[in-house]
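Welcome to this short tour of a protein model. Please take a look at the sequence and the 3D view, and then we can walk through them together.

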Amino acid sequence: MSVLGWILLASLVGGALSVAAAAFFALNMRAHWVQWLISYAIGALLGAAFLEVLPAAVTASADATTTSSIVLGGILVFFVLEKLVIWRHCHIEACEGHEPHVHVHGHDHGRSGLLILVGDTFHNFVDGVLIAAAFMEDVRLGAVTALAIIAHEIPQEVGDFVILLHSGYSKARALAYNLLSSLATLVGGLLAYYGLSAAQGAVPVMLALAAASMIYVAVADLIPGLHKRTELRATIAQVVLILLGIGSVIGGHHLVDHFIGH
């Protein structure tokens, strides 16, 4: 299969799979499953970032200092972007003085849902760009990157799905809009493929930003939530699932090697 074919497959299947899985969890209200899934996603993201994407970015650029600087700058940029989203969300929901992670209660005539859909569409577009950059560097790297992105998208999509329902959307509309939003991954992948093909020098930069995105999401967004459960049993389970996520990246590396013949 061509590189473009892999990008199309990963973007379409990955987006649809994450939305379908999120809808299943949200509609069945298995909240404790989502908590375990988050721990797994942290391991998958950190494993992919440090064991696959970052080494590939350093190799492609042949300049570890520049690559590390891009990762550092990327983390700062993602912090600022997330802060802007939180400010906007708080402005609409009048949540000044409350916790940043806002839970919407009651019908708000779709305002929160619309905001979530816009933000999720942009996020999916960026994911498509990162997937394309990874596949253009190496098919194996692209597959591992896509799997890591899917792993962290599922718990995020669960939250989005619940917010849409609380904003007055029916289950069918919430699912349809989430699927439509996931197509932005395909758009991002296609635009990045043709854009990066004309500027191969940008691929290492995109890989470094992909690593920054994975590290930021895992460390800033997901890990703090795990600290809310302090009991020993939960902590052990979280560590095991994080290790399982890292192990799945290593296993996926060898599995993809087997199937594509690298």
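Which residue forms a salt bridge with Arg229? The partner is Glu231, and the closest N and O atoms of the pair are 2.9 Å apart. Before going further, please keep in mind that this is a predicted model.

**Salt bridges**

Two salt bridges turn up when the whole structure is searched. The table sets them side by side.

| Salt bridge | Closest N and O atoms |
|---|---|
| Arg229 with Glu231 | 2.9 Å |
| Arg140 with Asp138 | 3.7 Å |

**The overall picture**

The protein has eight helices and zero strands, so its pattern along the sequence is simply α-α-α-α-α-α-α-α. Of its 262 residues, 46% are buried. Looking at contacts between residues at least 6 apart in sequence, 84% join residues at least 24 apart.

How confident is the predictor? The average pLDDT of the protein is 78, and 77% of the residues score at least 70. One stretch to treat with care is residues 96–111, where pLDDT stays under 50. The model has 19 contacts beyond four places in sequence for that stretch. Where pLDDT is low, the predicted coordinates should not be read in detail.

In soluble globular proteins, nonpolar side chains tend to be buried together. Here, the largest nonpolar core has 46 residues, and those with the most contacts inside it include Ile42, Leu45, Leu196 and Leu222. Helices α1, α2, α4, α5, α6 and α7 each supply at least two residues of this core. Which helix gives the most? That is α7, with 13 residues.

Beyond its neighbours within four places in sequence, Leu222 is in contact with Ile38, Ala41, Ile42, Leu45 and Val217. There is also a second, separate core of 14 residues, and among them are Leu117, Ile150, Ile154 and Phe161.

Ile38, one of the contacts of Leu222, sits in helix α2. Ile38 counts as buried because its relative accessibility is 15%, under the 20% cut-off. Setting aside residues up to four places away in sequence, Ile38 touches Pro155, Leu222 and Leu226. Ile38 and Gln238 are 200 residues apart in sequence, and their C-alpha atoms are 8.8 Å apart in space.

**A serine inside helix α1**

Is Ser18 buried or exposed? With a relative accessible area of 4%, Ser18 is buried. This serine belongs to helix α1, which covers residues 3–28. A polar atom of the Ser18 side chain lies 2.9 Å from the backbone oxygen of Gly15. Apart from residues up to four places away in sequence, Ser18 touches Ile150, Glu153, Ile154 and Glu157.

**Along helix α6**

Helix α6 runs over residues 171–198, which is 28 residues. At 1.5 Å a residue the helix should span 40 Å, and its end C-alpha atoms are 42 Å apart, which agrees. Among the buried residues of α6 are Asn178, Ser181, Ser182, Thr185, Tyr193 and Leu196. An α-helix has 3.6 residues a turn, so residues three or four places apart point the same way.

Ser197 is also found in α6, and at 35% relative accessibility this residue counts as partly exposed. Ser197 is in contact with Met136 and Ala192, leaving aside neighbours within four places in sequence. Ser197 and Met136 are 61 residues apart in sequence and 8.3 Å apart in space, C-alpha to C-alpha.

**A loop residue to look at**

Finally, please find Ala62, in the loop between α2 and α3. Most residues other than glycine have a negative phi. Ala62, however, has a positive phi of about 60 degrees although it is not a glycine. With a relative accessible area of 70%, Ala62 is exposed.

Key. Residues are numbered from 1 along each chain as its sequence is written. This is a predicted model: local features need pLDDT of at least 70, side-chain atom pairs count only at pLDDT 80 or more; totals for chains, interfaces and linings use all residues. Side-chain values use heavy atoms; hydrogens and water are left out. Helices (H or I, at least four residues) and strands (E, at least two) are DSSP runs, numbered from the N terminus. The expected span of a helix is 1.5 Å times one less than its number of residues. Buried means under 20% relative accessible area, exposed over 50%, partly exposed in between (1.4 Å probe, protein chains only). A polar contact is a pair of N or O atoms within 3.5 Å; within protein, one must be able to donate a hydrogen and the other to accept it, and residues adjacent in sequence count only if both atoms are side-chain atoms. Contact means heavy atoms within 4.5 Å. pLDDT is the predictor's confidence in each residue, from 0 to 100. A salt bridge is a side-chain nitrogen of Lys or Arg within 4 Å of a carboxyl oxygen of Asp or Glu. A nonpolar core is a set of buried Ala, Val, Leu, Ile, Met, Phe, Trp, Tyr and Cys residues joined through side-chain atoms within 4.5 Å.
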